[in-house]
Amino acid sequence: MVIKDKRQSLQQRNMLLNMRLNSSNPNLSNHSTAATAVAGNNKILKNNNTSALNIMSNATSSSANNGSGINKKNELKNKLWRMSFSPKSKPMTSTKNTTLIGAGSKRSPVAFVGSYPMKDLKFCDFEIGKKLGKGKFGKVYCCRHIKTGFICAIKIMDKSEILTYNVTKQFRNEIEIQSNLNHENLTKLYGFFHDSKRVYLIMEYIYNGELYSILKKNGPFNDIVASNFVFQLTNAIRYLHKKRIIHRDLKPENILIDFNNVIKITDFGWSVYNEAGNKRKTLCGTIDYLSPELINSKEYDGLIDVWALGIIAYELIVGTPPFEEDTKELTYKRIKNCDLNFPAHVSQDAKNLISSLLKLNPSERITLTDVLKHPWINKNKPFW
Ligand SMILES: Nc1ncnc2c1ncn2[C@@H]1O[C@H](COP(=O)(O)OP(=O)(O)OP(=O)(O)O)[C@@H](O)[C@H]1O
């Protein structure tokens, strides 16, 4: 329990702070103003129509590029769906009055996974399966688009909550960034639609859930499994950094596992575009994964993700993050000193890679290109 509490991200603390701020705001402290909040939020989403359209167009072209691969995988997911779908699962009430953001525009119709137009997509167009999980702002369900049979995960969020917790910017940011990504180790966001009360994000359905739970249940992993995960993570982070995106909240909770142990990074709520050479200062992330430069309130760049990769690599092999302590202060202290200890079973190659990732000085950290060629990776690769 202590560990779980400590792992909660700063994001959550920011949210609580916002809640406090909002509750002291007379405009949000009673029922009548809740209605104003929803109305206001509708306005915010409408104002975002143009960028929503762009997002949809990009999502369409990327899914079209991937057509055949997606179809094959979808067939398999369809089978699994039939196995996991329970007719008893309580269907969500859907609102008839649903309009796709951007519908009615003169642009070419937006396609749903390459073929089905998203225009006028409604929640009742989907059959709802099992609940996959619950985040701070919504629930995620496995869904099947009735007409096409397409299987996906839909995250459902109340507009009022997005507004009440003052996370509109973060939410928009997440959509804009995630829908522009097309990499096999990043969870795809196909698009979204909304009705009067909720926003629905249509995502790639990832079958095996969070790495965090798998690690707690089956971990720690041997070098073969761990090196494979680290290799995939490195490829994904490299792709993000090439697009000048810093994830900023890499941790096992934000890594999903698909078939064949394919990893999928998710949760881009804290991700940010970082113009060439620019450094940032916002403190974000989860305590155990924070880099020394973040803790010391220094400027930082994509190398904070490289540090987090080192923490995750350690956790995969050892079972717990390297600087985990009972209090935040002690964890901070150990991170600042890079007080790194390895249990006896950790191999020399693994130690070498992790120590090269966890360098206090960001510029001394091993490059992602070199991670992919590291002996720990190369020696284990034939056994993947
Ligand atoms: N695309 C997906 N496929 C399968 N399961 C998913 C998918 N997206 C999310 N989930 C499951 O649903 C859970 C909740 O996801 P969600 O994104 O709402 O929460 P979160 O990642 O914890 O974000 P937050 O930081 O907002 O709490 C996840 O922990 C995961 O188990």
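The structure is a predicted model, in which local features need pLDDT of at least 70 and side-chain atom pairs count only at pLDDT 80 or more, whereas totals for chains, interfaces and linings use all residues. Residues are numbered from 1 along each chain as its sequence is written.

**The shell around the ligand**

The ligand is surrounded by 23 residues, of which the closest are G133, G135, V140, A153 and I206. Two or more residues of this shell come from each of β3 (126-135), β4 (138-145) and β5 (151-158). Strands are DSSP runs of E with at least two residues, helices are runs of H or I with at least four, and both are numbered from the N terminus. Strand β3 gives the largest share, four residues.

By residue type, the shell holds eight nonpolar, nine polar and six charged residues. Here Ala, Val, Leu, Ile, Met, Phe, Trp, Tyr, Cys and Pro count as nonpolar, Asp, Glu, Lys and Arg as charged, and the others, Gly among them, as polar. Domain 1 (2-203) and domain 2 (211-383) each supply at least three residues of the shell; the domain bounds come from an automatic or database domain assignment.

**Annotated residues**

K136, by contrast, is placed in the loop between β3 and β4. A residue is buried if 20 or more other C-beta atoms, placed from the backbone, lie within 10 Å of its own, exposed if 12 or fewer do, and partly exposed in between.

| Residue | C-beta neighbours inside 10 Å | Class |
|---|---|---|
| D249 | 23 neighbours | buried |
| K136 | 14 neighbours | partly exposed |
| N254 | 24 neighbours | buried |

Leaving aside neighbours within four places in sequence, N254 is in contact (C-beta atoms, placed from the backbone, within 7 Å) with D249, I265, T266 and D267.

**Helix α9**

Helix α9 (residues 223-242) has 20 residues and reaches 28 Å from its first C-alpha to its last, close to the expected 28 Å. The expected span is 1.5 Å times one less than the number of residues. After α9 comes R244, with a positive phi near 60°.

Key. A residue is near a molecule or strand if its C-beta atom, placed from the backbone, lies within 6 Å of it. Two residues are in contact if their C-beta atoms, placed from the backbone, lie within 7 Å.
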